[in-house]
Amino acid sequence: MATKGLTEITVWYRGITEGKISRDIVNSLAKAAEKEGCYTQAFDNYGDLPDRVYVPCRSYARISDSPIAEPYLYENDHPAIVAVVEPTMVKGVPVIKGIRPGAVLVVNTDKTPEELLQHLQDTDLSDLAAIATIRAGGGVLEGALSGIEGATDVSGMGSGAAGPIAGAIAKISGIVELGSLEAVVIDPSGVRRGYEQVKVHWLGAAGYNPGPAPHQEERALGEEVPAIIPSPVGENDGMITGNWRFLRPVINQEKCTQCRVCDIYCPDACITADPAGFKINLKYCKGCGICWTECPVKGAIAPVPELDFVGGVVRF
Amino acid sequence: MGKKMKLSGTAAVAQAVKAADVDVICSYPIRPYTATMIELARMVATGELDAEFVHGEGEHAQLSVVLGASAAGARVFTGTSGVGFTYAMEVYSPISGEFHPVQCMVGNRTLDPPGDFGSEHTEAMTGRDQGWIMGWAESSQEAFDNTLMYYRIGEDPRVMLPQFPCQDGYFITHIPDLVELPEAGQVESFLPPFNPKFSLDPARPVIMGPQCRADQGAAIELGRTNAMKRARSVIPEIVRDFSLKFGRQYDPFVEKYKTEDADFIFVGQGAHARTAKSFVDAARAAGQKVGVARLRFMRPFPNDDLAQAVGHAKVVGIMENSNSFGSVLDSGPVTIETRAALYDLDKRPKVLTFMEGLGGEVVRLNDFAWMYKIMKEAAGLRNPNQKVFWVGFDTGAIQEA
């Protein structure tokens, strides 16, 4: 049993296509910890569900050396381990917000930890002990569909990218033994690959040794809120969707004929038909790909990986 | 011992429905109960369960379909949540009035607004006067067990009433929790096949729910009242038999968690009672005499059992997870029922109400600490000036009225 008290694990994934991977990660870690005598929970974030394609969503595992006193929470309070299944979320989503001091971040990516750190320049890293990367595969465009919200889908657990990511988590944190993890997944070789190939960049002294979680915060007293409120009319700052995007549409102004097909087809009205050059509203562009699919001019709009740009995504 | 696995409350109920070998299922999707129907549809499609699976075009249709199927002698299952529950309202009274032991699970969801998916009990409480057996589970295991117990209670010839086994949305419906599944033969020995005295049969015509004159109405209503009264004595018998056959112990009506010597007792039902018990464990370790009385049934309401369980306390704190706008003290159904149940005691505890978890809000350990502090202060007052507190909204400062 490797946990002292309660350890919370948060996994970020892209809705629908990576749901199975994410659930497999939390389910396999919880099951492995259970084998080691821990009390565990593994569940989806209810507010993120029902998930939609590419929306940033969360799954949770909670591993404890004693019975879990508060089994009915919506979110992890202070995760000591955060995993990210699709790496663009490191840039677009505050994935390490609220972490426990000494927490570790594990990202599924071809990039190095140092490259990812470029995208975290404006993020407070003082509570983060390490950033680790693992090339687990999967891929947001080729995920196994599994949309059974509320039911338990542990069939074929750990057959895809989930195994290496769980293996990487086991290596960097020691939260479960490699052997326990291998015993609960259907592809132990994937778990072992993640365990062996994870690249770790320690930000301070090497070693996973998280500090105590902060005390439960006192509630601030609430007041009545009206059920009828003014409509935002223009942009809605309560529903920013730019972080759904992992491919950014880039317009080649020289090739663009200003035919407005992209503008007409864009489901989020993100394209401004400015005669001086068409513009894309990156705060709301979901990277859905309709513009570059419908554009009649070859090469006038190109999809470019969002991580090729530093900056340009507004965090929610 | 049966196989143990982690199941959400919705998946656990699907397993129980399969174990109960139901004949007709009618579905219509609404969060958060939907996964039960997803699981059952899969079981029927793969042949794991031999049942008619009908898609209703709405909740009113769902309840109408199972009414007809039950009248024809089938064991039936349906379910709903939130506004779906209230949409079917018209059909609830005919089902109980004609004595069809339909089972309709409820995965609680707040009515609109606030339009979130969170759990409070208000929607199901609007059905508490419809002649249905009703109560809440606090875990996936209890949700599984209640499904079986409710069928047995409802189909008992002395009762013949429909049932709403409820579970908190998300907290129970979505979070997987350990469930022990039955061994072969266990369910068969507990739940005999449904064999109603009357069913729709051309060879033996009957009229179910006859239209009648106003002077005949009271006599017909008395039937449901008496059936519910008989359920009060049938339930302990069946819960005892369940414990015997399955080895899991339940207090029939009120779980008494460290209440015996308690001066302060929380009263509530469903998921939040489990967190309340965690608070009680910690407070007991610090020498505090506090307990939880958890209601397992709302209908029939266990007035005697509850009065017996909490009558000796100095202060009772009701965890009110539903709202009845403009009711006594501007509280909710558990408050109304509990206060009424304690009224005839010679010496009554003080009764405070905590409006908690409304809209599905989480109730945390420090919220219970806040409630407990108010209960202790109230003990020293003859008549506190405030008796209903909104957790997270009220300061909790009280004084003599």
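Which are the buried residues of H4(A)? The legends below take up this question and others in a predicted model.

**Figure 1. Helix H4 of chain A, residues 162-173, in its surroundings.** The buried residues of H4(A) are A:Ala162, A:Gly163, A:Pro164, A:Ile165, A:Ala166, A:Gly167, A:Ala168, A:Ile169, A:Ala170, A:Lys171, A:Ile172 and A:Ser173, and with 12 of its 12 residues buried the helix is mostly covered. From its first C-alpha to its last, H4(A) reaches 16 Å, close to the 16 Å expected for its 12 residues at 1.5 Å a residue. The helix is followed by A:Gly174, whose phi is positive, near 65 degrees.

**Figure 2. The contact between chain A and chain B.** Chain B brings 29 residues to this contact and chain A brings 23 residues. On the side of chain B that touches chain A, at least two residues each come from strand E1 (4-7), helix H1 (9-19), helix H2 (34-46), helix H10 (271-285) and helix H13 (365-379) of chain B. The residues on that side of chain B comprise 15 nonpolar, 10 polar and four charged. For the complex, the predictor gives an ipTM of 0.94 and a pTM of 0.95.

**Figure 3. The fold of chain B as a whole.** Chain B contains 13 helices and 14 strands, and its C-alpha atoms fill a box of roughly 70 × 55 × 40 Å along the principal axes. The radius of gyration of chain B is 21 Å, which agrees with the value near 21 Å that a compact globule of 401 residues would have. Of the 401 residues in chain B, 54% are buried; among contacts in this chain between residues at least 6 apart in sequence, 78% join residues at least 24 apart. The mean pLDDT of chain B is 97, and 100% of its residues reach 70 or more.

**Figure 4. Strand E4 of chain B, residues 76-80, and its two pairings described here.** Five of the five residues of E4(B) are buried, and the strand is mostly covered. B:Val76, B:Thr78 and B:Thr80 point one way from the strand, whereas B:Phe77 and B:Gly79 point the other way, and all are buried. E4(B) pairs with strand E2 (residues 24-27) of chain B in the parallel sense over three bridges, in which B:Phe77 is the bridge partner of B:Ile25. Strand E5 (residues 103-107) of chain B also runs parallel to E4(B), to which it is joined by four bridges, and here B:Met105 is the bridge partner of B:Gly79.

Figure 5. Leaving aside neighbours within four places in sequence, B:Ala124 is in contact with B:Phe85, B:Val106, B:Asn108, B:Met134, B:Phe164 and B:Cys166. B:Thr80 lies 44 residues from B:Ala124 in sequence, and the two are 9.7 Å apart in space, C-alpha to C-alpha.

**Figure 6. Helix H12 of chain B, residues 333-342, and the elements around it.** Seven of the 10 residues of H12(B) are buried, so the helix is largely enclosed by the rest of the structure. These buried residues are B:Pro333, B:Val334, B:Thr335, B:Glu337, B:Thr338, B:Ala341 and B:Leu342. The buried residues of H12(B) pack against helix H6 (122-125), strand E10 (264-268), helix H11 (303-310), strand E12 (315-320) and strand E13 (350-355) of chain B.

Definitions and conventions. Residues numbered from 1 in each chain as written. Chains lettered and ligands numbered in written order. Predicted model: local features only at pLDDT ≥ 70, side-chain atom pairs only at ≥ 80, totals over all residues. Contact = placed C-beta atoms within 7 Å. Nonpolar A, V, L, I, M, F, W, Y, C, P; charged D, E, K, R; others polar. Expected span 1.5 Å × (residues − 1). Buried ≥ 20, exposed ≤ 12 C-beta atoms within 10 Å, placed from the backbone. pLDDT = per-residue confidence, 0-100. Rg over C-alpha atoms; globule rule 2.2 N^0.38 Å. Pairing = 2+ DSSP bridges.
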